[in-house]
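Subject: The two-chain model, with notes

Hi there,

Here is the model I promised to pass on. Have a look at it first, and then read on for what I found in it.

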There are 2 protein chains.
Amino acid sequence: MTRQEVVKTYLKALGDADYETIASLYADNATLEDPVGGDINLSGVDAIREFYKASVALDLEGKLLGSIRVAGDEALFPFEIRINKPAEGAPMAIEVIDSFRFNEEGKVVAMKAYWGPENIKML
Amino acid sequence: MTRQEVVKTYLKALGDADYETIASLYADNATLEDPVGGDINLSGVDAIREFYKASVALDLEGKLLGSIRVAGDEALFPFEIRINKPAEGAPMAIEVIDSFRFNEEGKVVAMKAYWGPENIKML
C-alpha cells in the first residue's frame with residue numbers, strides 16, 4: 001500500500017467503524033497522540049485498537065479536506081471528523097490535521113492529531 | 001501575537017515579499033526544512049532570512065486552504081503557495097502543510113514544510 005492508500009483506507013475504516021482494519025495499519029510499537037499536547041497518549045497497537053474500538057459508539061465520519069502531503073517518512077492530511085453521536089451534547093465536526101510517520105514496512109509508527117478548540121464546530 | 005496571528009502575518013508577508021517581517025517571526029536559533037526530507041535544511045535566523053530573501057524573485061503568493069490547527073507547542077496549516085515567476089518553466093502552485101513550533105516567547109523555533117511531487121500543479 002502506498003502512503004496515500006494507507007490514509008484513504010484509514011478514513012474509510014473510520015467511517016465504517018472498522019477498528020481491526022485501522023489497527024492493521026499500525027506497527028506493533030506504534031504511538032498515538034490525539035490531540036498533540038492533550039490527554040490521549042497511547043503506546044502499542046493493543047492500546048490503539050482499544051481506542052478506535054471505543055470510538056465506534058461515536059459514529060464517526062472522516063472526509064479529506066485537501067490533498068495528502070507526503071514528505072520524508074511522513075504523510076500529513078487535513079480532514080474533517082464528524083462525531084455524529086458524542087457521549088454528551090450535539091453532533092460536532094472537527095477540522096484536524098493528522099500526521100502519520102511510517103516505518104520501513106509501511107506501517108504507521110507514530111500518529112499525531114493536530115486540532116484545538118477553535119477547530120470544533122457544533123452541527 | 002497569537003499563533004493564529006503569526007501564521008496570518010507569515011502568509012501575508014510571503015505575498016508582500018517582506019522577508020524582514022518573516023525573519024522577525026523566527027527565533028535566533030530556529031531551524032527550517034522545506035520540504036521535510038529534502039535538501040533545504042537551515043539553522044539560524046540569518047540563513048532563514050537569506051532563504052526568504054532569495055525567494056522574492058519567485059513572486060510568491062500564499063493562501064490558507066483551511067483552518068489553522070493549534071495543538072501543543074505547534075500550529076499546522078494547509079495552504080497553497082503560488083510561484084508566479086519560477087527560475088525555470090511555467091508558474092505553479094503547491095499544496096503545502098507547514099508546521100510551526102513555538103518557543104515560550106512566541107517565536108517560531110522550527111518550521112517544517114510538508115509537500116511532495118503529487119502536490120505540485122502547473123498553472
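A word on terms before the details: helices (H or I, at least four residues) and strands (E, at least two) are DSSP runs, numbered from the N terminus. Please keep in mind that this is a predicted model, in which local features need pLDDT of at least 70 and side-chain atom pairs count only at pLDDT 80 or more, while totals for chains, interfaces and linings use all residues. Residues are numbered from 1 along each chain as its sequence is written, chains are lettered from A and ligands numbered from 1 in the order in which they are written, and side-chain values use heavy atoms, with hydrogens and water left out.

**Chain A as a whole**

Chain A contains three helices and eight strands. Read from the N terminus, their order is α-α-β-β-α-β-β-β-β-β-β. The radius of gyration of chain A (taken over C-alpha atoms) is 14 Å, close to the 14 Å from the globule rule for 123 residues, so chain A is as compact as a globular protein of that length. That rule is 2.2 Å times the number of residues to the power 0.38. Along the principal axes, the C-alpha atoms of chain A fill a box of roughly 40 × 30 × 25 Å.

Of the 123 residues in chain A, 43% count as buried. Here buried means under 20% relative accessible area, exposed means over 50%, and partly exposed is in between (1.4 Å probe, protein chains only). As for contacts (heavy atoms within 4.5 Å), those between residues 24 or more positions apart make up 48% of the contacts in chain A with a separation of 6 or more.

**Some backbone details**

Most residues other than glycine have a negative phi, and most peptide bonds are trans. A:Pro35 sits in the loop between β1 (26-33) and β2 (41-43) of chain A. In chain B, a cis peptide bond joins B:Asp34 and B:Pro35, with omega about -5°, and B:Pro35 lies in the loop between β1 (26-33) and β2 (41-43) of chain B.

Chain B also has B:Ala17, a residue other than glycine with a positive phi, near 55°. B:Ala17 belongs to the loop between α1 (3-16) and α2 (19-24) of chain B and is partly exposed, with a relative accessible area of 34%. B:Asp59 is not a glycine either, and its phi is positive at about 55°. The loop between α3 (45-55) and β3 (60-64) of chain B holds B:Asp59, which is partly exposed at 29% relative accessibility.

**Where the chains meet**

The contact takes 23 residues from chain B and 23 residues from chain A. Between the two chains, about 1800 Å² is buried, and carbon and sulfur atoms give 52% of this area. Buried area here is the accessible area (1.4 Å probe) that two parts lose on being put together, summed over both. In chain B, the residues losing the most area to chain A are B:Arg69, B:Ile97 and B:Tyr114, together 34% of what that side buries.

How many residue pairs are in polar contact between chain B and chain A? The count is 16, with both residues at pLDDT 80 or more. A polar contact is a pair of N or O atoms within 3.5 Å; within protein, one must be able to donate a hydrogen and the other to accept it, and residues adjacent in sequence count only if both atoms are side-chain atoms. On the side of chain B that touches chain A, β4 (69-71), β5 (74-83) and β6 (92-102) each supply at least two residues, and β5(B) gives the most, with five residues.

**Two buried residues in chain A**

A:Glu80, in strand β5 (residues 74-83) of chain A, is buried with a relative accessible area of 7%. Its side chain makes a polar contact with the side chain of A:Arg82 (3.1 Å).

A:Asn119 lies in the loop between β7 (108-114) and β8 (120-122) of chain A and is buried, at 5% relative accessible area. A polar atom of the A:Asn119 side chain is 3.1 Å from the backbone oxygen of B:Ile68. Leaving aside neighbours within four places in sequence, the contacts of A:Asn119 include A:Ala93, B:Ser67 and B:Arg69.

Best wishes
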